[in-house]
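Subject: The structure you asked about

Hi,

Here is the structure, with the sequence alongside. Have a look at it first, and then read on for what I found.

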Amino acid sequence: MPALRVLLLGGTTEARRLAGLLVADGHTVISSLAGRTSEPLRPAGAVRIGGFGGVDGLVGYLRDERIDVLVDATHPFAATMTRHAVAAAGASGVPLMVLRRPGWTAVPGDDWHRVVSLAEAAQRLPDLGRRVFLTTGRQELAVFAGLDECWFLARSVEPPGTPAPRQLAIVLDRGPFTVEGERQLMLDHRIDVLVTKDSGGADAKLAAARALSIPVLMVNRPPEPGPVLSTPEELAAILRGRGASAEN
Ligand code: NAP
């Protein structure tokens, strides 16, 4: 099977798993990370860090590195990078594949309120609860800055910047989290509402909220630009087939 040169837009658990599978299959993999986290978990293969400089920069990179396949395995809410990947693939003719873990689905016992944006979540907040567990990422705390009637517990990997809500406690932590740990955290801080993006993946906080009958403000994902694969294994299998057909 001839090896492919794969540019993997990453930063997610699934992207790291995919990098491992592709490297094991003999492909040359360059994982690209945005550089938001100061000590990122490093995937197998080569790693580059930082933006490309927009669509033109990405097109140039695909050409200079002689990339055969572009894989978008970024976070479901990294909509700009996803848009740029589509445009760069179109302009360069490099095939694009998208890996996205499935979103979450409510089960009996859940009290979810779906919203289309963080701004809508902020608007709905005071009616649903005043002691808020925010797991939406440190880059977007500003949206909640005006809500002086609410107290926030925000969890992120890196310390957040400003502006931020006036009444704010920070917990710096990186998953995976356990249901019991999440339940205890919510009890300790007398949380009465959870705000999260529909990121998919491990869902300990959602199980804990269900157990405690805490309502959840769930921010919907931006729409996908086309078909997606939902597991690294599926995508790796397709590339194995593609390598084999290139050999024939
Ligand atoms: P974004 O808004 O879609 O991207 C903004 C810019 O950051 C892009 O235009 C690109 O810069 C650069 N960028 C993003 N992902 C990149 C990658 N994998 N490699 C190289 N450059 C990248 O993305 P974001 O919301 O800032 O997210 C950035 C990172 O954080 C991603 O790795 C994402 O998976 C992770 N993340 C995002 C969220 C979220 O809710 N947005 C949550 C958790 C983790 P250029 O235009 O210069 O190429």
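Let me start with helix H5, residues 179-188, in this predicted model. Glu-182, Leu-185 and Met-186 are buried there. Looking down the axis of H5, you will see the buried residues fall within an arc of 95 degrees, so they line one face of the helix. Just after H5 comes Arg-190, with a positive phi of about 50 degrees.

S7 and S8 also belong to an open sheet of six strands, in the order S6-S11-S10-S7-S8-S9, with parallel pairing. Strand S6 (112-115) and strand S9 (168-172) are at its edges with a single partner strand each, so one side of each has no neighbour in the sheet. On average, neighbouring strands here are turned by 20 degrees against each other, ignoring direction. Inside this sheet, S7 pairs with strand S10 (residues 193-197) in the parallel sense over three bridges, and Phe-133 has Leu-194 in S10 as its bridge partner. Helix H6 lies across S6, S8, S10 and strand S11 (216-219), and runs at about 155 degrees to S10.

There is another open sheet to look at, made of five strands in the order S3-S2-S1-S4-S5, again with parallel pairing. Which strands stand at its edges? They are strand S3 (46-49) and strand S5 (96-98); each has a single partner strand, so one side of each is left without a neighbour in the sheet. The twist from one strand to the next averages 20 degrees. Strand S4 (residues 69-72) pairs with S5 in the parallel sense over three bridges, and the bridge partner of Asp-72 in S5 is Val-98.

Finally, a helix pair. Helix H2 (residues 54-64) packs with helix H3 (residues 79-92) at an angle of about 55 degrees, and their axes are 9 Å apart. That angle makes H2 oblique to H3, and H2 passes H3 in a right-handed crossing. From H2, the contact is made by Gly-54, Val-55, Leu-58, Val-59 and Leu-62. On the H3 side, the contact residues include Met-81, His-84, Ala-85, Ala-87 and Ala-88.

Happy to talk any of this through.

Best wishes

Methods: Residues are numbered from 1 along each chain as its sequence is written. This is a predicted model: local features need pLDDT of at least 70, side-chain atom pairs count only at pLDDT 80 or more; totals for chains, interfaces and linings use all residues. Side-chain values use heavy atoms; hydrogens and water are left out. Buried means under 20% relative accessible area, exposed over 50%, partly exposed in between (1.4 Å probe, protein chains only). Helices (H or I, at least four residues) and strands (E, at least two) are DSSP runs, numbered from the N terminus. The arc is that of the directions from the helix axis to the C-beta atoms. Two strands pair if DSSP finds at least two bridges between them. Axes are lines fitted to C-alpha atoms, for helices over the stretch in contact, and angles run from 0 to 180 degrees between N-to-C directions. Angles under 35 degrees count as roughly parallel, over 145 as roughly antiparallel, 65 to 115 as roughly perpendicular and the rest as oblique. A crossing is left-handed if the near helix is turned anticlockwise from the far one by less than a right angle, and right-handed if clockwise. Contact means heavy atoms within 4.5 Å.
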